[in-house]
Amino acid sequence: MISTNRMADLLIDVADTLVSDFDIIDFLHNLAVHASELTGSPAVGLLLSDLSGGLDQVAASSEDAQTLELLQLQHSEGPCVECYRTGRAVIEEDLAGAQERWPNFAPRAVAAGISKVHAFPMRLRDDVIGALNVFGRPGDVMGPDDVRLVQSLADFATIAILQERALSRAESLSEQLQFALNSRIVIEQAKGAVARSLGIGVDEAFDILRSHARRTQQRLTELARAVVIDRDVMETLRPAQS
């Protein structure tokens, strides 16, 4: 079970991103990483609803998690999709036996070494805005305490996003979420550009972007857009490699 001190550190770190003009992408990525660390999961991802009521991938603890989430979106099936549609948690302890349930997602996930999954709804009463997926390997176990903790993180994220809408008042929830989805596209482009330029993996490229944004007190989305538009900005990222 997670210690009281570790839980306090987690809440402080996550809450630290909840400033008046907080960066949704950075906040949700932070949440996914913490969920991965606390559960020992190799991959945690989040899907949020868009303007049309569909789903888009907005945050993941790793590229593997992102691939698994995109696979669900590509085929409109999988635990996170089902969780969002029903508004209820989806638990599957044997993905190898779930090929009838998710004929496209299940075999691909198993081939990637994933044997189980637990999807948590991001909801407040009747308002479901997305889902959080925790993937597991053979031997991984999520106990009742882990389940309650991750659902609490999902609830925390939901409240933070809904609260941001209430505070801004000028934007509807759909507009706020759409901005997050558009920001994710720019950040993906910047990750690829940094990875190619510095000859590193995309996970490391994202860490460099995120660290530089925090160090220079920029919004992650603004830095990503600058990297995509202005090649000279790339040079400011190189010292982070030393």
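In the predicted model, the side chain of Gln-57 has a polar atom 3.2 Å from the backbone oxygen of Ala-59. This is a polar contact, defined as a pair of N or O atoms within 3.5 Å; within protein, one must be able to donate a hydrogen and the other to accept it, and residues adjacent in sequence count only if both atoms are side-chain atoms. Residues are numbered from 1 along each chain as its sequence is written, and side-chain values use heavy atoms, with hydrogens and water left out. As the model is predicted, local features need pLDDT of at least 70 and side-chain atom pairs count only at pLDDT 80 or more, while totals for chains, interfaces and linings use all residues.

Gln-57 sits in strand E2 (residues 55-60). Helices (H or I, at least four residues) and strands (E, at least two) are DSSP runs, numbered from the N terminus. Gln-57 counts as buried because its relative accessibility is 1%. Buried means under 20% relative accessible area, exposed over 50%, and partly exposed in between (1.4 Å probe, protein chains only). Neighbours within four places in sequence aside, the contacts of Gln-57 are Leu-46, Leu-47, Gln-66, Glu-69, Leu-70, Leu-73 and Arg-184. Contact here means heavy atoms within 4.5 Å.

The chain as a whole holds 10 helices and five strands. Of its 242 residues, 50% count as buried. Among contacts between residues at least 6 apart in sequence, 59% join residues at least 24 apart.

The largest nonpolar core has 49 residues. Such a core is a set of buried Ala, Val, Leu, Ile, Met, Phe, Trp, Tyr and Cys residues joined through side-chain atoms within 4.5 Å. Leu-28, Leu-46, Leu-132, Val-194 and Val-227 touch the most other members. Helix H7 (residues 173-198) gives the most to this core, with 10 residues. A second, separate core has 24 residues, among them Leu-55, Cys-80, Ala-109 and Val-117. Leu-28 touches Leu-46, Leu-48, Val-58, Ala-59, Ala-157 and Ile-161, again leaving aside neighbours within four places in sequence.

Aromatic rings were then compared. Rings of Phe, Tyr and Trp (its six-membered ring) pair if their centres lie within 6.5 Å; planes under 30 degrees apart count as stacked, over 60 as edge-to-face and the rest as tilted. By this rule there are three aromatic pairs. One of them joins Trp-102 and Phe-105 edge-to-face, at 6.2 Å centre to centre and 80° between the planes. Both Trp-102 and Phe-105 are buried. Phe-105 also pairs with Phe-135, and this pair is tilted, with 6.3 Å centre to centre and 40° between the planes. The pair links distant parts of the chain, 30 residues apart: Phe-105 lies in helix H5 (residues 105-111) and Phe-135 in strand E5 (residues 127-136). Phe-105 and Phe-135 are both buried.

Helix packing came next. The axes of helix H8 (residues 202-215) and helix H9 (residues 220-229) come within 9 Å and cross at roughly 120°. Axes are lines fitted to C-alpha atoms, for helices over the stretch in contact, and angles run from 0 to 180 degrees between N-to-C directions. On the H8 side, the contact is made by Phe-206, Leu-209, Arg-210, His-212 and Ala-213; on the H9 side, by Leu-220, Leu-223 and Val-227. In helix H4 (residues 79-86), the buried residues are Pro-79, Cys-80, Val-81, Cys-83 and Tyr-84.

Backbone angles mark several sites. Gly-87 follows H4 and has a positive phi, near 75°. Most residues other than glycine have a negative phi. Ser-76 is not a glycine, yet its phi is positive, about 55°. Ser-76 lies in the loop between helix H3 (63-75) and H4. With a relative accessibility of 42%, Ser-76 counts as partly exposed. Arg-125, also not a glycine, has a positive phi of about 55°. Arg-125 is found in the loop between strand E4 (116-124) and E5. Its relative accessibility is 66%, so Arg-125 counts as exposed.

Glu-93 belongs to the loop between strand E3 (90-92) and H5. Glu-93 counts as exposed because its relative accessibility is 53%. Beyond neighbours within four places in sequence, Glu-93 is in contact with Ser-115 and Lys-116. Glu-93 and Arg-137 are 44 residues apart in sequence, and their C-alpha atoms are 9.9 Å apart in space.
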